Amino acid sequence: MRRNVWLPAFVILGFVFLYAPILSLIVFSFNESKLVTVWGGFSTKWYGELLRNPQILSAAWISLKVAVTSATLATVLGTLAAFVLTRFGPFKGRALLTGMSAAPLVMPDVITGLSLLLLFVAMEQLIGWPAGRGMTTIIIAHTTFCMAYVTVVAQSRFASLDESLEEAAMDLGARPARVFFDVTVPVIAPALVAGWLLSFTLSLDDLVVASFVTGPGASTLPMVIFSKVRLGVSPDINALATIIIAIVAVGVGIATWQMRRGARKNGG
């Protein structure tokens, strides 16, 4: 009986602990006052200020381009790495490939960022590319650590895939490349989408690695927000966070609706 009484209380307490700060941030994004801790009345002016802030808009656009490009490259490379690790059996260099694929998962971001910075500097001195640090180096860095997450997700799906489907396609005359794109990829598509979304989120959220490998004119949104927060949180940052929360909530809602719709179809 006591368990039944205390369990809902702990659940409610946990949700309050997680979401009360987010709710307060949303409420204060509509604050009239410049002081984020003092309520000065309801107003939407900070959303207008946000949309007229070229620094925020530029950083958001850079972050979106970097996240989309990095997630796409990481998905392609991670899928190929997972395919090799699950289908080619023992081969020379397999242990090295496995270790290199898993290393970014456990490597501290500071070490990753510093090592990539040193690599880019050395490459520029040796071959002249990349010329300076900017969006290109950020994309390379984000692809490097995002690829590890895609490899783990795709490798687990490859391991559980029924290979008889591929064998049947090859028995009907399909070439290996045709089998991979027409049979294997559609079957593992949910894992690839999950890996892409995870990579997109990690790239969009990264601050530490991007701070090491970026240069003038290529500040991402987390870097701009962090620089503003150090000087004190302003209401336009609350407005920006509210917009991001709204976009994420809509995305989660659509995904949940699609999953329930698919479950009803399968059940029917």
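The model is predicted: local features are reported at pLDDT of at least 70, side-chain atom pairs count only at pLDDT 80 or more, and totals for chains, interfaces and linings use all residues. Residues are numbered from 1 along each chain as its sequence is written, and side-chain values rest on heavy atoms, with hydrogens and water left out.

Helices here are DSSP runs of H or I with at least four residues, numbered from the N terminus. An unreviewed UniProt entry lists residues 6-28, 62-85, 105-123, 135-159, 179-200 and 237-257 under "transmembrane region"; its positions follow the numbering used here, feature names are shortened, and such annotations may be inferred rather than shown by experiment. In the model, residues 6-28 are 100% helix and 0% strand, with end C-alpha atoms 32 Å apart. The span 105-123 is 89% helix and 0% strand, and its end C-alpha atoms lie 24 Å apart.

A nonpolar core is a set of buried Ala, Val, Leu, Ile, Met, Phe, Trp, Tyr and Cys residues joined through side-chain atoms within 4.5 Å, where buried means under 20% relative accessible area, exposed over 50% and partly exposed in between (1.4 Å probe, protein chains only). The largest core has 16 residues, of which Val 66, Leu 116, Ile 138, Ala 141, Val 209 and Val 213 touch the most other members. Helix 3, helix 5, helix 6 and helix 9 (208-213) each give two or more residues to this core, and the largest share, six residues, comes from helix 6. Contacts (heavy atoms within 4.5 Å) of Val 213 beyond four places in sequence include Leu 116, Ile 138 and Ala 141. A second, separate core of 10 residues includes Tyr 47, Leu 50, Ala 59 and Leu 240.

Helix 6 also carries Thr 151, which counts as buried because its relative accessibility is 2%. Setting aside residues up to four places away in sequence, Thr 151 touches Gly 78, Ala 81, Ala 82, Leu 85 and Ser 101. The loop between helix 5 (109-127) and helix 6 (135-160) holds Pro 130, and the peptide bond leading from Trp 129 to Pro 130 is cis, with omega near -5°.

Rings of Phe, Tyr and Trp (its six-membered ring) pair if their centres lie within 6.5 Å; planes under 30 degrees apart count as stacked, over 60 as edge-to-face and the rest as tilted. By this rule there are nine aromatic pairs. One of them joins Phe 28 and Trp 39 edge-to-face, at 6.2 Å centre to centre and 75° between the planes. Phe 28 lies in helix 1 (residues 2-28) and Trp 39 in the loop between helix 1 and helix 2 (45-51), so the pair ties together parts 11 residues apart in sequence. Phe 28 is partly exposed at 23% relative accessible area, as is Trp 39 at 44%. The pair of Phe 83 and Phe 158 is edge-to-face because the ring centres are 5.6 Å apart and the planes meet at 65°. This pair links distant parts of the chain, with Phe 83 in helix 3 and Phe 158 in helix 6, 75 residues apart.

Phe 158 is buried, with a relative accessible area of 1%, and is in contact with Arg 87, a residue of helix 3 (residues 54-87).
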